[in-house]
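Thanks for coming, everyone. Please bring up the sequence and the model, and keep both in view while I talk.

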Amino acid sequence: MDPTEDWSGNCQTLENETQENENKEINQIIPGYASFHDYVQEAFHVMKLGIKNANNLPTGSNFNYYSCFPSFRKNKDDNIKLLLNVVQHVLGITGVKNNISNRDIEEKFDLLLEANDVLLDRANALMDKECGITKNSEVEVVVSHLKNQPINGGWNNQICQPLQISENAQSIRLLAGKNIQRPQLMFKDKIDNSSKPWCPRIKDKPNSLKPLAIYLEESENGEVFNHPYEYELNMFVPPNDQLKKSEPTKYKNLEDTLLVMIKDPSDIKLLINDLKQYKEIAVDLEHHSYRSFQGITCLMQISTEDKDYLIDTLSLRSELHELNEIFTKPTILKVFHGADLDIQWLQRDLSLYVVNMFDTHQAAKQLNLPYLSLAYLLKHYCNVDPDKHFQMADWRIRPLPEKLIKYAREDTHYLLYIKDMLKNALIDVANGQINILKVVYDRSTEICKKTYVKPIWTEENCMTMYRKSQKMFNNKQLYALRELHKWRDDTARIEDDSIAYVLPNHMLLNIAETLPREMQGILACCDSIPPLVRQNLLKLHKIILKAREQPLIKPILEEDIRQRLTQRNHHTNLDVWMYSPHDIPSDMEARADLPCLLDKNNVLETPISNTNIAIKHTVTVFDSPTISEDEEVGKTEQESTKKKKFVFVSPFERYKRVIPMIAEQEAQEREKQKQEEENRLKKEIEIVESKNRVYQHFKQVSQMITGKNESELSKKPSQTPLSQMPGRKRKRDSNINKQDEVQEEKTNDNLSTPVPILETRIIQDLKKDVSEVEYLKEEQNVQESVTKKQKQIPNNETMNLLRSRKKGERERTIKDLEKKGMMPSKKFDYKIVDFSAFQGGSQNIPNQVQFEQTMVRMYISFHYHLVNLLIIFKYQFLFL
């Protein structure tokens, strides 16, 4: 039934119900639930049921039993597939790009934990944002302005006209960004801040004359990899059309020139095809170095006659190596301005190398222009005032603001026209020759040969900063400065931040100079506390405490003191009113259009009016002086004393004045040293002469004694050994005779040395030796008489007599010994006998005599050497 026909008014109630249902559906956060709390309660109820059902599943042997049924297996596999699909869907929502179906149980559990962590992090971030704890993470551009103070003083306000400066030049702008994500975290090639040499990442070498070869070379900075295009740069010769004068092609207006943004990898091929149509291009780079240790190339600008290209080098960092096809082509000229750093940045970040380059900075230097900056060239040739205050902007900001885009385009838009003007000017300066122009190309090619080298920490870097600071540190402060400087470098490499971000130089010097005892003192030394200083506060405190423990013994290097004193103490006349140590402010570039007294536009003379002006007379002979002569004399004396008080003599001047005195002292010291040397030589000569006299004396005495001994020994009769006697058995040569002979040889050798006889004890020993010699002579005479008698008797008779005697004697002795009971028994026990008491061998009296003689001679020589040493020591002691 149509509700309009209901006369009871039920139609209106039905409409109200439908509207209420629609409002409920609109207010529902999750379809089907009135509030989020209801949804959570329902989810908890479902989870309880799921856990209860999971616990009711069979386990162990029961599970194996139920697995035998096909229906159980089918339901089990279907539920497993359903759960895996649900989990895979959850992983896709959280951003985990992994397939869970082909994983084992542990890997599946790890993926679930990762997804759970991602969801919890998102929930925490959203709750913090809702509560106001964290702000919006989008990039916020912050522009800070600083008004410039007037430079001219009050002395020339009437003469000089007011300097008209544009608004862009008056205010200094620093454009930065908040919440900028660090781009190096998204790079495919990870940045290596270690001390290892930087290795080129080039894989392909287009426009090559020699195949690609990368190897290490020794250089001033240590080991460095070679330049891949070194051979091509050595063989490069500028084409003839680049060495001729040409009509400069006028640039288009910036607003009329097409701007092309290159952000995607697919746009690179289109860019290469467009650039192949031109013979010359202008290139420039924008760099960021505050939040990176080595720096990052953030933007590349390329300009042709018709277009301007802005290339995002952060997103296309790994793909821009394809531009080597253009940058290394020798027929395409690349125009840079001040390419010393740009060439190295291209190699380090983009693997790009340049062949055939024209540097306008080198051209301006050859023309001796007053200023070499790009801003001066733009003003001089194009009448354009660039806004250079955005040069220090944070070029990591994405998307780029319009002001930064305009600034980036101006760097390359006019550069091709400036190149033509400089080229023609170089040819005109050389009177139509091209020698100066070739010099510019050669120097530009030398810049292209440079290779990037990583910054390496050395102690010399620390000392250079210390010398520039104009401070005087002791060894404790120098130790702290060195350790803090090293810590800053290590931290910057690890965190990939610049050393200025970790700890600026003025804060570093302040901490090293103060050496605070507590950690709060370290924070007090910093104007604005750097984040990494606060994080590593304990480590810095330990370094400072260790520096305070260093003893004040190690002296400071004198070279540093002299260098710093000469830098600090310059003799300046402060009374001169024109003295100005800083003519140009540090934040302002030197300009050639500053007002001057010689300018024609400036009014140098004030017009003289027709009114009468009273001029004082110059003749003062008859004028009474306002000050007496005594007062004038007193004032002059006071002024002279003041001048004397303020006379300052620098340490270097004092050093010059002291030089003659030092020279005289050194000359006197040299004379003293010469006299001492002469006296020492005289004493040494006298000692040597006295030694020679003593030696000659003892030599004469020894010769006299040895002569007597030799005469006595010559009278000694010759002894015949037992082996040579007739009618006797040959005796085996004994070792004793050999030893005696060796000792006799030694004693004979010792006889050549002088034998001193200085004391009575030695004389008595000699007398004993003489008596022993006489005794030996008597024994020899007895032996000779025996031998004579033996010779008189025939040999056979003597042998028979001896044999008969021996036979009779033997029988008699045996009988006598048997009667006395002294014969040994047949069973004799040799173990009872002590054989150690027996000494074998016969006594050889002549050998024994010879042995005693050698011992006497050795004793005499020993006394001689001992006495000689005592005499030498005695003389040395007397001379000293």
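This is a predicted model: local features need pLDDT of at least 70, side-chain atom pairs count only at pLDDT 80 or more; totals for chains, interfaces and linings use all residues.

Salt bridges come first. The count comes to 29. I will pick out a few of them.

Start with Glu325 and Lys276. They form a salt bridge, and their closest N and O atoms are 2.7 Å apart. Where do Glu325 and Lys276 lie? Glu325 lies in helix H9, residues 324–327. Lys276 lies in the loop between helix H8, 266–275, and strand E6, 280–288. So the pair ties together parts that are 49 residues apart in sequence. Now look at accessibility. Glu325 counts as partly exposed, because its relative accessibility is 32%. Lys276 is partly exposed as well, at 38%.

Next, Asp497 and Arg291. This is another salt bridge, with the closest N and O atoms 2.8 Å apart. Asp497 lies in the loop between helix H17, 475–495, and helix H18, 499–502. Arg291 lies in the loop between E6 and strand E7, 296–303. The pair therefore ties together parts that are 206 residues apart in sequence. Is Asp497 buried or exposed? Asp497 is buried, with a relative accessible area of 3%.

Third, Asp394 and Arg396. Their side chains meet in a salt bridge at 3.0 Å, N to O. Asp394 is buried, at 9% relative accessibility. Arg396 is buried too, at 9%.

There is also a network. Which residues does it join? They are Asp189, Arg201, Arg317, Arg348 and Asp349, linked by salt bridges that share partners.

Now the helices. Two packed helices are described by the angle between their axes and the distance between the axes. Find helix H4, residues 70–94, and helix H5, residues 105–131. Their axes come within 10 Å and cross at roughly 45°. That makes H4 oblique to H5. The crossing of H4 and H5 is left-handed. What meets what between these helices? From H4 we have Leu84, Val87, Leu91, Ile93 and Thr94. They meet Lys108, Leu111, Leu112, Ala115, Val118, Leu119 and Arg122 in H5.

On to the loops. Asn221 lies between strand E3, 216–219, and strand E4, 222–225. Asn221 counts as exposed, at 52% relative accessibility. Leave aside its neighbours within four places in sequence, and Asn221 is in contact with Val453 and Ile456. Asn221 and Ile456 are 235 residues apart along the chain, yet their C-alpha atoms are separated by 9.1 Å.

The other loop residue is Lys203. Its place is between strand E2, 171–178, and E3. Lys203 is exposed, with a relative accessible area of 75%. How far apart are Lys203 and His321? In sequence, they are 118 residues apart. In space, the answer is 8.9 Å, C-alpha to C-alpha.

Last, the annotation. An unreviewed UniProt entry lists residues 664–691 as "coiled-coil region". How much of that span is helix in the model? Residues 664–691 are 100% helix and 0% strand. The end C-alpha atoms of the span lie 41 Å apart.

That is the tour. Over to you for questions.

How values were computed
Residues are numbered from 1 along each chain as its sequence is written. Side-chain values use heavy atoms; hydrogens and water are left out. A salt bridge is a side-chain nitrogen of Lys or Arg within 4 Å of a carboxyl oxygen of Asp or Glu. Helices (H or I, at least four residues) and strands (E, at least two) are DSSP runs, numbered from the N terminus. Buried means under 20% relative accessible area, exposed over 50%, partly exposed in between (1.4 Å probe, protein chains only). UniProt positions are given in the numbering used here, feature names are shortened, and annotations may be inferred rather than shown by experiment. Axes are lines fitted to C-alpha atoms, for helices over the stretch in contact, and angles run from 0 to 180 degrees between N-to-C directions. Angles under 35 degrees count as roughly parallel, over 145 as roughly antiparallel, 65 to 115 as roughly perpendicular and the rest as oblique. A crossing is left-handed if the near helix is turned anticlockwise from the far one by less than a right angle, and right-handed if clockwise. Contact means heavy atoms within 4.5 Å.
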